[in-house]
Amino acid sequence: MRRRHLLQTLFATVSMTQQRPGRASASASASASARADLRALSDQAWASGAFPGFQLAVLAERRPLWSTAHGMADVSAAQPATEETSYYIASTTKCFTALAAAQRAARGELDLQASLAQLLPQVAWRPALQAERITLRELLTHTHGIAADSVPAQLRVNFSGVYRDNAELLQWWAQAAPSSEGKAFRYSNMGYDLAAMAMAPAGRDGWKMEVQRDVLDTLGLRRSSPWRSRLDPATLAAPHVDSAQGWRSLPANKQDRNMGPAGGMFCTASDLGRLIQALMDGGRLDGRRLLSAEVLDLMLHRQVTQSRTVWGYERFGHSLGFDMARLHGQEILTRLGSFRGAQSHLSFMPAQGLGIALLSNGDAVAGMAGERLVTAIYQCLLGDPAGARLALGEGLKQVQQAQMQWRAAPPPAPVADWPLPPGALAGRYVDEQLGELELAWTGKALIARWGVLQSECNLRSADQRQWRVDWSGQGVLVEVLSDASDSVIGLRMMGRAWWRAVPATSDASVLAPGRASAGMRG
């Protein structure tokens with residue numbers, strides 16, 4: 001009660017200020033003090049060196065309170081980050097997909113209790129899956145009971161981006177098998193990828209059009225899009241990786257064709273702030289009610305239970321699109337996201353009227369530091385600014401220690417120490433579900449290209465002939481498969497064998513895309 005009283009005193013609402021002019025001076029002073037505390041925390045985080053750049057928006061009393069931007073949108077291009085920079089938000093996309101579904105359900109256009117068999121009758125589902133008992137609501141709440149690894153082709157949606165249309169993928173989805181855990185909550189991209197096809201089965205961009213119409217246009221989110229191509233390239237944050245030489249920008253690893261419903265949007269923190277405001281303020285924005293009570297009920301209240309701790313959040317439930325958790329003794333709704341060179345955080349405490357959107361274009365170091373900053377900001381807003389500064393300082397020390405260890409790690413083994421020369425590995429490899437992988441030697445590095453994604457190959461184990469690639473922020477081991485004459489005939493990766501489609505030649509490093517590859521890029 002004391003914290004809530006402090007908060008209400010500190011952040012008098014704009015409407016009260018307008019109704020009682022005599023309080024304007026005191027309210028302005030309190031708001032200025034609060035912004036000064038937030039600015040100090042933001043500057044403290046930026047000074048740690050744990051971010052290439054970040055963007056922050058904070059709400060109090062269900063209204064925007066303060067926002068800022070730090071650092072660089074693209075280090076290599078010397079492009080500074082501003083509050084108009086759009087960042088890739090990874091899995092934070094899920095709350096947009098869920099909100100689009102809730103909007104259609106509220107209008108009677110979509111039945112959340114409709115079964116998978118009803119929504120996608122053209123698919124010959126395995127009888128063991130019991131598709132007639134899996135609902136759209138279960139797909140959107142991660143309780144569908146489908147084994148996520150039973151359909152490897154699913155990875156094409158959010159990773160390689162190489163598929164013609166939904167019909168092509170649904171041929172593979174017919175092999176989906178039930179999870180051994182039944183319909184217990186299990187977070188993955190599977191449910192959202194399948195839900196999007198059920199919501200808009202005709203084309204691969206159907207979910208994007210629904211999000212555009214029912215969320216972005218409705219709420220006036222002008223600097224957000226599920227199409228990278230529709231945003232000004234000069235305003236997009238590039239992904240970055242931390243290295244011994246500092247932050248280094250990476251090639252764009254998200255394009256239109258691998259922007260999926262479980263992870264596929266660019267946004268600004270201020271746009272995320274507008275979404276938070278609408279959700280916390282009864283669906284209202286700019287004096288108009290834009291979200292109905294039915295929609296808010298789906299988005300804000302627990303639909304299923306869960307029990308796990310992530311980044312210090314004690315998660316106890318899941319609404320349509322948000323994890324429900326506890327932080328600093330308060331209930332909080334969160335939707336976090338992470339991809340290589342991108343970290344996103346959206347959260348709000350409805351009862352306290354507080355919300356935070358934090359976006360960064362860094363890797364795991366930035367993600368760790370970002371969560372320390374968010375936790376400190378909530379501590380500050382709940383009435384303990386001094387404690388927040390101390391807690392952030394201690395948290396950032398741990399992040400910096402981890403950063404120093406990573407930067408001091410030995411460099412990758414030189415090519416001269418590889419058990420096989422790059423030319424022996426260069427070529428194309430094919431898996432029937434995951435598509436085509438190309439290894440190309442540039443003269444300086446062996447590059448693994450999987451659709452939109454590309455990554456350097458670094459030796460992991462010479463004895464086991466294993467290399468490591470990193471397309472998404474989670475490293476993948478690549479093991480060489482050889483025949484009796486010790487010629488490379490394939491690779492083992494992601495638990496599957498990728499067979500060599502093109503033998504090694506002197507010019508294998510500069511091969512043009514083949515017919516199969518070109519025909520699958522959509």
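A nonpolar core is a set of buried Ala, Val, Leu, Ile, Met, Phe, Trp, Tyr and Cys residues joined through side-chain atoms within 4.5 Å. In this predicted model, the largest such core has 81 residues.

**Nonpolar cores**
- Within the largest core, the residues that touch the most other members are F96, W173, L194 and L219.
- Beyond its neighbours within four places in sequence, F96 is in contact with I89, V211, V215, L216, L221, M265, C267, L272 and L275.
- Another core lies apart from the largest one and has 39 residues, including W66, I332, L373 and C380.

**Helices α8 and α9**
- Helix α8 covers residues 166–173 and helix α9 covers residues 190–199; they pack at an angle of about 130°, and their axes are 11 Å apart.
- Angles over 145 degrees count as roughly antiparallel and those from 65 to 115 as roughly perpendicular, so α8 and α9 are oblique to each other.
- The crossing of α8 past α9 is left-handed.
- On the α8 side the contact is made by N166, L169, L170 and W173, and on the α9 side by M190, D193, L194 and M197.
- Six of these contact residues are nonpolar, one is polar and one is charged.
- W173 of α8 and L194 of α9 take part in this contact, and both are among the residues named above for touching the most other members of the largest core.

**Helices α13 and α14**
- Helix α13 (residues 364–381) packs against helix α14 (residues 385–408) at an angle of about 175°, with 8 Å between their axes.
- The pair is therefore roughly antiparallel.
- Residues of α13 in the contact include M368, R372, L373 and C380, while those of α14 include P385, L392, V399 and W406.
- By class, this contact has 15 nonpolar, five polar and one charged residues.

**Loop residues**
- S179 sits in the loop between α8 and α9.
- S179 counts as buried because its relative accessibility is 17%, and buried means under 20%.
- Leaving aside neighbours within four places in sequence, S179 is in contact with G145, I146 and A147.
- Most residues other than glycine have a negative phi.
- W311, in the loop between β10 (304–310) and β11 (313–318), has a positive phi, near 50°.
- W311 is partly exposed, at 42% relative accessibility.
- D486, in the loop between β22 (476–482) and β23 (488–493), also has a positive phi, near 70°.
- D486 is partly exposed, with a relative accessible area of 39%.

Terms used
Residues are numbered from 1 along each chain as its sequence is written. This is a predicted model: local features need pLDDT of at least 70, side-chain atom pairs count only at pLDDT 80 or more; totals for chains, interfaces and linings use all residues. Side-chain values use heavy atoms; hydrogens and water are left out. Buried means under 20% relative accessible area, exposed over 50%, partly exposed in between (1.4 Å probe, protein chains only). Contact means heavy atoms within 4.5 Å. Axes are lines fitted to C-alpha atoms, for helices over the stretch in contact, and angles run from 0 to 180 degrees between N-to-C directions. Helices (H or I, at least four residues) and strands (E, at least two) are DSSP runs, numbered from the N terminus. Angles under 35 degrees count as roughly parallel, over 145 as roughly antiparallel, 65 to 115 as roughly perpendicular and the rest as oblique. A crossing is left-handed if the near helix is turned anticlockwise from the far one by less than a right angle, and right-handed if clockwise. Ala, Val, Leu, Ile, Met, Phe, Trp, Tyr, Cys and Pro count as nonpolar, Asp, Glu, Lys and Arg as charged, and the others, Gly among them, as polar.
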